[in-house]
Amino acid sequence: MGGAAIGLALLAIVLWRIDVQRFGAALAEARVEYLALVAVAIALEQFVRAWKWRQILHPLRPVGTLRLFGAIMAGYLGNLLIPFGVSPLLRSWLVARLEGLPMTAILATVAIDRLVDGVVFAILALAVLGLVALPDSSFGLRLGLIAGAAGSFALFVVLLWLLAQHKRGTAEAATWLHRLTSRLPARVSQPARRALASFAEGIVWPASPWRRGAILATSGLIKLIAATHFLWAGLAFGVVLRPLDYLFLMVVLGFIVILTHVARLAGGFIIGAIFALGLFGVDEERALAMVLAVQLTSVLCVAAIGALALWRNGIALGELRDPRGRDKENGL
């Protein structure tokens, strides 16, 4: 509640400063063709993500990119209905249900997907922060972002190492998790140990060098596509920045998204985007128009594509809230 209240208060202050007439004029002059490209970029980013996830999943089972794309968008749709970061669980459940695989194994591949993305994002962030030109007054911001990127890189590498250790330890049946679950009552310990073993099965890395390289390359490509969201939104409202500036926006907003989720900071993305765009001389009215265009387009894309994916697979929206109808072998 505290984060939500703080976020709403800051958002109210930001909106209070907006000149309504200038904001309305910016909206009236928006170029629809560039707004349409925002939607294309958002969908393309997630399609590339689905293709990358396919390469990670391949050692378990080859799954079509379109199916994974639908699962990802349906997971994001679930986030709109249940705003507690349930997207990884929902997309894992959906793929497990459709492919007849254990949900925990699929969830492990999602964890690898996210952690590899995190490592690549941290490396890209450090490179961008070393190259982009910012006002002298923003030295503290640059230093904070560099520290955050370096810390994130270390954290993600450690988490990947822990996943590898869990995989190895499960094979040897000697991890502390196994020792802990063995002390639980039988009705709890047996399902827990099965879930841990299933999760370990999903900790995979393709043997093929080209698939490994493709996973890393597409992680970087996803970030580059994400940076174009504000490129197209900016062109829609007459804002043109340098290429590195868009990458800087992607880096800053990436950290803001994490902070918003952790601190439950309502309106954090809007506040952060307006602040970041202001560093490059974009007035608050056009900055607000840009961020709203990106956010609303993202919601519409997720709602349309996610709902279509669910419909094609015969799954009702209500099942995202209560997915108890899945096959028992896919459950925890």
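View 1. The model is predicted, so local features are described only where pLDDT is at least 70 and side-chain atom pairs only at pLDDT 80 or more, whereas totals for chains, interfaces and linings use all residues. Residues are numbered from 1 along each chain as its sequence is written, and side-chain values use heavy atoms, with hydrogens and water left out. Buried denotes under 20% relative accessible area, exposed over 50%, and partly exposed the range in between (1.4 Å probe, protein chains only). Leu159 lies in helix H7 (residues 139-172); helices (H or I, at least four residues) and strands (E, at least two) are DSSP runs, numbered from the N terminus. Together with Leu155, Val158, Trp161 and Leu162, Leu159 forms a nonpolar surface patch with about 460 Å² of accessible area. Patches take residues with over 30% relative accessible area and no salt bridge, joining like charges within 9 Å and nonpolar side chains (Val, Leu, Ile, Met, Phe, Trp, Tyr) within 5 Å, and accessible areas come from the Shrake-Rupley method with a 1.4 Å probe, for residues counting only the protein chains shown as cover.

View 2. The structure holds six aromatic pairs, where rings of Phe, Tyr and Trp (its six-membered ring) pair if their centres lie within 6.5 Å, with planes under 30 degrees apart called stacked, over 60 edge-to-face and the rest tilted. One of them is the stacked pair of Tyr34 and Trp232, at 6.3 Å centre to centre and 10 degrees between the planes. This pair links Tyr34 in helix H3 (residues 32-57) with Trp232 in helix H10 (residues 209-236), 198 residues apart, and Trp232 is partly exposed at 24% relative accessibility. Phe47 and Phe69 form an edge-to-face pair, 5.7 Å centre to centre with 70 degrees between the planes, and so connect helix H3 to helix H4 (residues 65-81) across 22 residues. Phe47 is partly exposed at 32% relative accessible area, while Phe69 is buried at 12%.

View 3. A salt bridge is a side-chain nitrogen of Lys or Arg within 4 Å of a carboxyl oxygen of Asp or Glu. Arg49 meets Glu45 in one (3.6 Å, N to O), both residues lying in helix H3 and four residues apart, about one turn of the helix. Arg49 also bridges to Asp117, the closest N and O atoms being 2.5 Å apart, and this pair links helix H3 with helix H6 (residues 103-131) over 68 residues. Arg49 and Asp117 are both buried. Through shared partners, salt bridges join Glu45, Arg49, Lys52, Arg91, Asp113 and Asp117 into one network. The charged end of Arg91 also sits over the ring of Trp53, 4.5 Å from its centre; this requires NZ of Lys or CZ of Arg within 6 Å of the ring centre and within 35 degrees of the ring normal.

**View 4. The salt bridge between Arg17 and Glu284.** The side chains meet at 2.8 Å, N to O. Because Arg17 lies in the loop between helix H1 (2-16) and helix H2 (20-28) and Glu284 in helix H13 (residues 284-312), the pair ties together parts that are 267 residues apart in sequence. Arg17 is exposed at 54% relative accessibility, whereas Glu284 is partly exposed, with a relative accessible area of 23%.
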